[in-house]
Every structure is written in structure tokens, then in C-alpha cells.
Amino acid sequence: MRSILIENLTPGMLLSAEVTTGEHEVKLLDRGTRLTSAYINKIKNWGISSLCVGNGKERIGKRAIEIKRTRVDFLKNYTETMNRVIEAFRYIQKFKEVPILELRELAEHKIILLAETIGAIDYLYEMQRHSEHTFQHSLNVAIITGVLGKWCNYQGKELKNLILAGLLHDIGKLAISLAILDKPGKLTCEEFEAIKRHSGEGYQLVQGLEQVPNSVKLGILQHHERLDGSGYPAGLHGDEIHHDAKIIAIADIYEAMTSDRVYRRRVTPFEALDTIANQMFSGLEPEICLTFLNNVRDSLIGSNVVLSTGQIAQIIAFNIRHKYGTKPIVCMHNGKMVDLQKDEIHIVEVN
Ligand SMILES: [Fe+2]
């Protein structure tokens with residue numbers, strides 16, 4: 001058994017120890033797994049710098065992985081970044097101008113680190129809500145967009161621009177009153193139209209800025225467009241929509257559904273994944289959806305959940321026969337396995 005840097009991994013090597021996340025000890029890969037290119041890419045995305053491999057003949061030893069960043073680092077960096085996002089967004093509200101240098105700096109040097117943290121999406125689920133949810137939603141979407149972008153093999157400048165687009169995607173909402181954004185009941189037609197104008201108004205705020213790449217401008221303008229033409233503002237179809245906007249659309253849905261609002265409780269990641277899976281062949285890009293589904297499902301394995309019966313269980317796996325399934329197989333307290341895909345029981349909370 002030997003410790004090897006991630007950049008030196010090659011397909012065919014065997015893992016001599018299981019790969020887990022640091023704090024929660026969530027298993028990511030089993031010991032004895034034979035590495036493929038896909039696994040190596042995943043390990044890179046998880047931010048692991050080295051791990052133990054062998055030729056399969058050695059005795060399996062204890063895990064030896066280094067985790068780059070921890071939950072504590074994540075929370076500290078998140079809070080610092082959140083404060084700077086709030087300041088920048090309040091500036092936009094007041095002066096109707098985008099402090100683009102500050103926001104680029106945040107996207108390229110702070111948010112990218114948050115997106116590279118193992119378990120970033122899980123950590124976001126633990127966060128308390130900020131009273132003005134557009135601030136927090138924007139930062140969270142930027143992080144999720146970054147994570148998903150990496151899963152879609154974005155890197156370098158392309159990834160940084162994608163994260164910036166995620167951060168700015170809803171700046172058009174900063175001019176809308178909280179009375180409308182947080183309205184608990186049904187919106188009037190005028191209120192709904194005011195909300196629908198936010199992507200175009202956000203685009204106008206950055207349209208004349210040379211420092212904002214075109215992909216970012218289109219990410220803002222098109223993040224509510226849908227492949228089947230049902231979106232807004234232009235009712236674009238398929239490839240008329242920029243790829244970055246398609247990524248943001250998925251991050252946006254997932255974040256909005258898994259976050260509490262003044263007027264409603266959040267849903268579990270499983271319900272949010274279900275919504276995304278249901279739109280996979282109509283409004284959302286199937287390939288990006290599948291990448292998101294597969295990776296988020298993998299990250300949920302090992303989590304403890306509360307079931308609709310009140311029982312606590314642990315997620316063991318997802319049934320491979322249900323390619324788009326979002327309901328896992330869980331292990332109950334008494335050791336019994338239950339496939340929730342086939343059962344009436346559902347998950348009500350993830351711990
Ligand atoms: Fe939006």
C-alpha cells in the first residue's frame with residue numbers, strides 16, 4: 001500500500017482504503033474499488049489531495065486521506081463572503097450600479113474555494129436563513145453552480161465566469177420589494193410580471209460593462225429560459241439557451257427548494273432532486289440534470305434521515321434499476337433494508 005498524489009492516479013489502480021469525507025465519515029468510495037477515469041475525476045472534485053492505492057495484493061490498511069478543507073473552514077469563509085455579498089448587493093440597491101471588481105474578486109478567490117470544499121452542498125443545507133433571501137440565495141446558487149460546473153468539467157476562467165454568473169443571476173430582484181418577494185399568498189398578475197422582469201433587468205445592469213463576459217450576461221438573462229420554450233423572458237428553445245444558463249437553472253431550482261422562505265418550509269434534497277428529474281426531458285438539459293442527480297445522490301449516501309413514520313434510518317444506496325430514481329434504499333434501526341422507491345414511506349428530514 002502506498003500514498004499517492006491525486007495527479008499521479010491512473011485508471012486501474014486499486015483503492016487500499018476507503019475514501020471518506022473528514023468529519024462525518026461519509027463513505028465516498030469503498031476500499032478495493034478499481035479506479036476508472038470517472039472515479040479519478042470525482043476524487044479531484046472532492047478536493048482530496050492524496051490517497052492510498054496498491055496493486056490489490058497488499059493487505060487493506062487504514063484510510064489515509066488528506067482533506068483540503070473542513071466544515072469549520074467552510075463556515076468561516078462562507079460567513080465572511082456572505083458579509084461582502086450583502087455589502088455589494090446593498091450598493092447595487094442604492095446606486096443601481098454593479099461593483100463588478102469586488103464581485104469578480106469574490107467569485108474568483110472566495111466562492112471558488114467554497115465550491116471546491118467537499119460536502120459544500122450538504123453544508124449549505126445546514127445554514128440559517130438570512131432575512132433578505134436574495135442575498136443568501138445568490139451566494140448559495142453561485143456555490144452550487146460552481147460545484148455543478150466542476151462536475152461538468154468546467155475549469156479555470158470558464159469556471160470562474162460561471163460562478164460569477166451564478167452570483168449575479170438574480171441581481172434584477174434587488175429592486176423588487178420584499179412585500180412581493182416574500183408574499184405568502186398567490187401573487188397578482190402585476191406582481192408576477194414584476195418578478196418575471198428580473199432576469200431582463202439584471203441583464204441591463206451588466207449589459208454595458210466591458211469587464212463582464214458575454215457568458216455571464218447570458219447566464220443572468222437566460223436562467224429562467226427552458227428547453228421546451230416554456231421559460232422567460234424570450235421563450236427560447238434548446239440550444240438557443242447558453243449552457244451556463246442551463247447549469248444555473250438547475251442550481252437555482254435546487255437551492256430555492258431546499259431553503260426556508262418566510263412563507264414556506266424547505267423540502268428535502270430528495271424532493272428537490274425529484275422536481276429536477278421530472279423536468280429533465282422538458283425544461284432542463286438532461287445531461288446536466290443527470291450529472292447533478294448522480295453526484296448529489298452519491299453525496300447523500302451515508303446520511304441519517306428521518307422517515308415519515310418518525311423512524312431514523314441511514315441511506316445505504318440508490319437502486320441502480322431506477323436510473324432517475326431519487327428515493328434511496330435505507331437501513332432501519334433494526335438493520336432491515338427498505339427500498340423507498342417501492343415503499344409508501346418517505347424521507348421528511350436529512351440530518
Ligand atoms: Fe431568477
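Start by selecting R266 and Y125: the charged end of R266 sits over the ring of Y125, 3.6 Å from its centre. "Over" here has cut-offs: NZ of Lys or CZ of Arg within 6 Å of the ring centre and within 35 degrees of the ring normal. Before moving on, note that this is a predicted model, where local features need pLDDT of at least 70, side-chain atom pairs count only at pLDDT 80 or more, and totals for chains, interfaces and linings use all residues. Residues are numbered from 1 along each chain as its sequence is written, and side-chain values use heavy atoms, with hydrogens and water left out.

Next, pick R297 and F318. The charged end of R297 sits over the F318 ring, 5.4 Å from the centre.

Now for ring against ring. The structure holds seven aromatic pairs (Phe, Tyr or the six-membered ring of Trp, centres within 6.5 Å; planes under 30 degrees apart are stacked, over 60 edge-to-face, the rest tilted). Select F89 and F135: their centres are 6.1 Å apart and their planes at 70 degrees, so this pair is edge-to-face. It links distant parts of the chain, with F89 in helix α2 (residues 71-95) and F135 in helix α5 (residues 133-151), 46 residues apart. Helices here are DSSP runs of H or I, at least four residues, numbered from the N terminus. F89 is buried at 0% relative accessible area, and F135 is buried at 0% too (buried means under 20%, with a 1.4 Å probe and protein chains only).

Then jump to Y254 and F292, an edge-to-face pair at 5.1 Å centre to centre and 80 degrees between the planes.

Last stop: F74, Y78 and Y123, which form one aromatic cluster.

Conventions:
Helices (H or I, at least four residues) and strands (E, at least two) are DSSP runs, numbered from the N terminus. Buried means under 20% relative accessible area, exposed over 50%, partly exposed in between (1.4 Å probe, protein chains only).
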